[in-house]
Amino acid sequence: MKKVSLFVRSLILFLVMALGAFFWCFVCMLAAPFPYKIRYWVTSRWNVAVIATAKYVCGIEYEIRGEENQPDRPIIVLSKHQSAWETIFYLMALRRPLVFVFKRELILVPFFGWGLGLLRMIPINRSKGADAFKMVVEIGKERLNSGQWVIMFPEGTRIPVGKAGKYKTGGTRFAIENGVEVLPIAVNSGECWPKNSFLKYPGKITVSIGKPIASQGKTADQLMKEVEGWIEAEMRVISPHVYAHEKALSQNQARQA
């Protein structure tokens, strides 16, 4: 019975997301002639509706820690990535308009991709390698100068709960190129909104925002080690139950030493 309820609630959320994207795409198109700040706000109302549905229908609450750490200046956001939830949430919740770096094929997704195409994002062809990164740097600099924040997920893809992917240095290289700080974020969204799962589970998602980290005088690897160190340590603070086995293993090793 509980699984049926989960399915029904998850189905309602899916319908809100799918049908909302269909209808809201046309609203976004109507808003296209308006200044970008208005277009961004209008587009993000879909995000507000999805997060509200997840909360009131699926029981997915959320809290933000370290909200005061968001600076009012250009910055690169580097976040843990466990599910689609944070890509929806950040657009409506962070202090400044966001610029996502994503594969250009998403623009072709009917309705959702078309609405996304009206925003100042950075679609890239990943097969281009160095040329793709060059484009990110060029366009990203323009976006930063216009007051937006560039957001990247250093692990490159959604990572299962309790795991860590390889942290790639694209985001820190970009920060160093532009002489701006990076803003690390830890999030445990995968516990409620698992990767590749239709079912969504009730619970509380914690978004923990760290203090900005300076990029000056550091290599991309050094800066990324700082980012990774903070994010992975913070994941163990916001989801201690997920990493309990690490503590038990450490205690066992200490006893054997």
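## Overall dimensions and burial

A residue counts as buried when its relative accessible area is under 20%. In this predicted model, 45% of the 257 residues of the protein chain count as buried. The accessible surface of the chain comes to about 13,200 Å², and carbon and sulfur atoms hold 60% of that area.

The protein chain has eight helices and seven strands. Its C-alpha trace spans about 70 × 55 × 35 Å along the principal axes. A compact globule with 257 residues would have a radius of gyration near 18 Å, so the 19 Å of the protein chain agrees with that expectation. Among contacts with a separation of 6 or more, 74% join residues 24 or more positions apart.

## Nonpolar cores

The largest nonpolar core has 36 residues, and Trp85, Tyr90 and Leu98 have the most contacts inside it. Two or more residues come from each of the helices α1 (2-31), α2 (36-56) and α3 (85-93), and from each of the strands β3 (98-103), β5 (149-152), β6 (182-187) and β7 (203-209). Apart from this core lies another, of 27 residues, which includes Leu78, Ala132, Val150 and Val180.

Leaving aside residues up to four places away in sequence, Tyr90 touches Ser79, Lys80, Leu98, Ile151, Phe153, Ile185, Val187 and Val207. Tyr90 is also part of one aromatic cluster, together with Tyr62, Trp85 and Phe89.

## Aromatic pairs

The structure holds ten aromatic pairs. One of them joins Phe22 and Phe23: the ring centres are 5.0 Å apart and the planes stand at 80°, over the 60 degrees required, so this pair is edge-to-face. Phe22 is partly exposed, with a relative accessibility of 32%, whereas Phe23 has a relative accessible area of 52% and is exposed.

Phe100 and Phe153 form a tilted pair, because their planes are at 35°; their ring centres lie 6.4 Å apart. Phe100 belongs to strand β3 and Phe153 to the loop between β5 and α6 (170-178), so the pair ties together parts 53 residues apart in sequence. Phe100 is buried at 11% relative accessibility, and Phe153 is buried at 17%.

## Charge over a ring

Lys200 lies over the face of Phe198, and its distance from the ring centre is 5.9 Å.

Definitions and conventions
Residues are numbered from 1 along each chain as its sequence is written. This is a predicted model: local features need pLDDT of at least 70, side-chain atom pairs count only at pLDDT 80 or more; totals for chains, interfaces and linings use all residues. Side-chain values use heavy atoms; hydrogens and water are left out. A nonpolar core is a set of buried Ala, Val, Leu, Ile, Met, Phe, Trp, Tyr and Cys residues joined through side-chain atoms within 4.5 Å. Buried means under 20% relative accessible area, exposed over 50%, partly exposed in between (1.4 Å probe, protein chains only). Helices (H or I, at least four residues) and strands (E, at least two) are DSSP runs, numbered from the N terminus. Contact means heavy atoms within 4.5 Å. Rings of Phe, Tyr and Trp (its six-membered ring) pair if their centres lie within 6.5 Å; planes under 30 degrees apart count as stacked, over 60 as edge-to-face and the rest as tilted. A charge sits over a ring if NZ of Lys or CZ of Arg is within 6 Å of the ring centre and within 35 degrees of the ring normal. The radius of gyration is taken over C-alpha atoms; the globule rule is 2.2 Å times the number of residues to the power 0.38. Accessible areas come from the Shrake-Rupley method with a 1.4 Å probe; for residues, only the protein chains shown count as cover.
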